[in-house]
Amino acid sequence: MDYLTITDIADGLRRRLFSAEEVTRGHLSRIAERDADLGCYLHVMADDALATAKRVDAAIARGEDLEPLAGVPLAVKDVILVAGHPATAGSKMLERYQATYDATAVVKLKAQDAVLLGKTNCDEFAMGSSNENSAYKPVRNPWDHGRVPGGSSGGSAAAVAADLCVAALGSDTGGSIRQPAGFCGVVGLKPTYGSVSRSGLIAMASSFDVIGPFARTVADARTMFEAIRGRDPRDATSSDRSTLNSQLSTLNSLKVGIPKEYFASGIDPDVERAVREAIRVIEGLGCSVREVSLPHTTYGLAVYYVLMPSEVSANLARFDGMRYGASLAREEPNAPLQRAYHETRAHGFGPEPRRRIMLGTYALSKGYADQYYKRALAVRQRIKHDFETAFREVDVLVTPTSPTPAWPFGAMGDDPLSMYLADVFTVSANVAGIPGLSLPCGLVERETISPPRSEGEREGVQSLTPRLPVGLQLMGRWFDEESLFTLGEAYEQATTWHKEHPPR
Amino acid sequence: MVLTRDEVLHLAKLCRIDLQPEEVEKFALQLSSILEYVGKLREVDVDVAQEAVANITGLENVLREDEPHGCTPEERERIVAQFPMRQGDLLKTRGVFSE
């Protein structure tokens with residue numbers, strides 16, 4: 001009963017090989033055994049999970065038809081609201097906050113009687129690429145406990161990789177689903193902007209944020225996406241346009257583009273080797289492969305790090321200690337208003353949110369808005385146009401998900417910019433709004449880093465099974481997730497990377 | 001350095017966030033280095049006035065009827081329970097003006 005997929009569970013429940021309660025209990029035990037080491041979950045919802053599982057078993061006993069996700073144990077990133085349960089966004093600002101309503105994506109999962117196991121750890125307010133910015137605890141990469149799982153959805157990615165859930169929800173603003181999926185050896189989908197409602201997602205950058213699934217197979221990712229997608233009256237940017245049927249009849253008609261700017265320099269040689277091998281496999285499937293150009297690729301990160309903090313500065317203004325969350329008023333009800341604002345926000349927000357709020361405030365301020373914010377808006381349209389041009393020649397773009405595999409804790413030091421540069425291959429999809437899928441395409445050998453056992457002890461280096469996953473990124477046209485699924489599934493059938501699991 | 005200590009202090013005030021004295025220098029350095037990096041956008045030959053468009057979805061004027069939708073009693077209870085200061089069911093805050 002290890003590493004069950006959604007398909008396995010659906011099949012097993014219908015054939016009465018096991019009960020939903022057994023599957024849920026199995027996952028809850030594994031969480032109890034392993035999560036102290038990994039740190040994936042901030043909050044486990046055992047009672048609700050078992051209640052849902054029992055409801056599913058009762059429906060099975062009555063001979064009722066089941067939805068695809070019925071009885072399937074899932075995890076939800078802690079920036080997505082599940083009513084009545086904590087939603088911390090990985091921050092002390094929301095340490096005691098209880099979600100007052102369900103995110104629309106969660107409503108849709110509950111409608112299928114999916115089992116929600118708990119809320120997963122993430123970088124604070126989804127800001128980070130390693131989960132080291134969580135105000136609570138780090139998440140350890142299940143493949144090597146001395147290394148990061150990626151971020152900001154590190155908890156969800158690691159939980160899927162370590163069999164602490166079957167699939168999970170994350171959010172992706174600059175790569176926060178795809179990059180940790182790559183680092184943890186699982187499938188991660190960033191859907192087209194607007195294809196999944198953002199209602200109930202704690203907002204980071206409203207023109208970039210997308211909720212999306214983690215899973216262990218492309219088929220499971222598709223099932224999750226189909227469950228959560230759709231237009232929502234609560235989200236004016238949402239849309240029903242994601243097509244379920246691919247426009248491609250066969251793989252022979254699929255044209256794949258390799259953007260040359262993504263292979264220029266700075267990629268780890270082992271990562272490049274794995275990705276080039278994956279491209280050979282794709283060619284072997286009958287797809288035509290050609291080089292294309294996305295000339296403004298080099299500006300993607302700069303556009304992102306102007307526009308995203310600008311939107312963050314507006315979205316995080318609501319955390320002022322007045323209505324919910326951390327508040328100076330709780331200790332000092334008579335503190336003057338300005339001091340309440342200043343101190344609440346100073347104590348509630350860690351360094352990364354404060355950095356980005358200040359950056360965004362600067363980029364939007366009088367005298368600077370033209371040269372930073374508006375200029376970035378203009379270059380954003382250029383990047384979007386680059387993709388429009390490329391998609392006239394090809395259907396899917398193939399790139400590495402990240403330039404390197406997972407790095408050791410602390411490797412990025414105190415320099416935020418080096419962390420930002422890790423997202424170089426993922427940000428452009430958010431800038432343009434197109435979908436991106438990361439799937440495992442290899443394992444590279446590295447030294448295993450053991451985490452420090454006690455303060456002052458130097459990190460040790462061992463050499464047990466040192467293998468780190470490499471992610472392959474597929475990007476497609478707006479609302480054409482189906483082409484990504486089609487190519488992804490064909491690649492899976494021709495390879496076995498998705499069957500590899502981290503050591504126990 | 002793009003940002004001086006004083007500019008960072010002013011920025012923190014605009015953001016309504018207190019900074020510890022030892023943080024000011026560090027943030028000045030880090031923010032300056034990020035601003036220098038994003039400054040590369042100056043290389044792109046764009047007509048900012050013409051090309052700066054906020055919309056990426058192509059959607060326009062997504063409207064709905066101006067009808068109030070309330071929340072459920074459970075939602076309301078959860079919301080009120082989290083007010084840091086309250087008077088009955090009313091949210092209470094400090095006044096904007098001091099005496």
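Visitor: What makes B:Lys26 a charge over the ring of B:Phe27?

Guide: A charge sits over a ring if NZ of Lys or CZ of Arg is within 6 Å of the ring centre and within 35 degrees of the ring normal. The charged end of B:Lys26 is 6.0 Å from the centre of the B:Phe27 ring and sits over it. Likewise, A:Arg380 lies over the face of A:Phe208, 4.0 Å from the ring centre.

Visitor: What kind of model is this, and which values count?

Guide: This is a predicted model, in which local features need pLDDT of at least 70 and side-chain atom pairs count only at pLDDT 80 or more, while totals for chains, interfaces and linings use all residues. Side-chain values use heavy atoms, with hydrogens and water left out; residues are numbered from 1 along each chain as its sequence is written, and chains are lettered from A and ligands numbered from 1 in the order in which they are written.

Visitor: Why is the pair of A:Phe319 and A:Phe349 called edge-to-face?

Guide: The centres are 6.3 Å apart and the planes stand at 85°, so the pair is edge-to-face. Ring pairs also link A:Phe319 and A:Phe349 into a cluster with A:Tyr97, A:Phe125 and A:Tyr324.

Visitor: Are A:Phe319 and A:Phe349 buried or exposed?

Guide: Buried means under 20% relative accessible area, exposed over 50%, partly exposed in between (1.4 Å probe, protein chains only). A:Phe319 has 6% relative accessibility and therefore counts as buried; A:Phe349, at 2%, counts as buried.

Visitor: What makes the pair of A:Tyr368 and A:Tyr372 tilted?

Guide: Their ring centres are 6.4 Å apart and their planes are at 45°, so the pair is tilted. A:Tyr368 counts as partly exposed at 27% relative accessibility, whereas A:Tyr372 counts as buried at 6%.

Visitor: Why is strand 7 of chain A described as largely enclosed?

Guide: Strands (E, at least two residues) are DSSP runs, numbered from the N terminus. In strand 7 (residues 255-259) of chain A, 4 of the 5 residues are buried, so the rest of the structure largely encloses it.

Visitor: How do you know that strand 7 of chain A pairs with strand 8 of chain A?

Guide: Two strands pair if DSSP finds at least two bridges between them. Here 5 bridges join strand 7 to strand 8 (residues 288-292) of chain A, and the two run parallel. A:Lys255 stands opposite A:Ser288 in strand 8 of chain A.

Key
Phe/Tyr/Trp six-rings, centres within 6.5 Å; stacked < 30°, edge-to-face > 60°.
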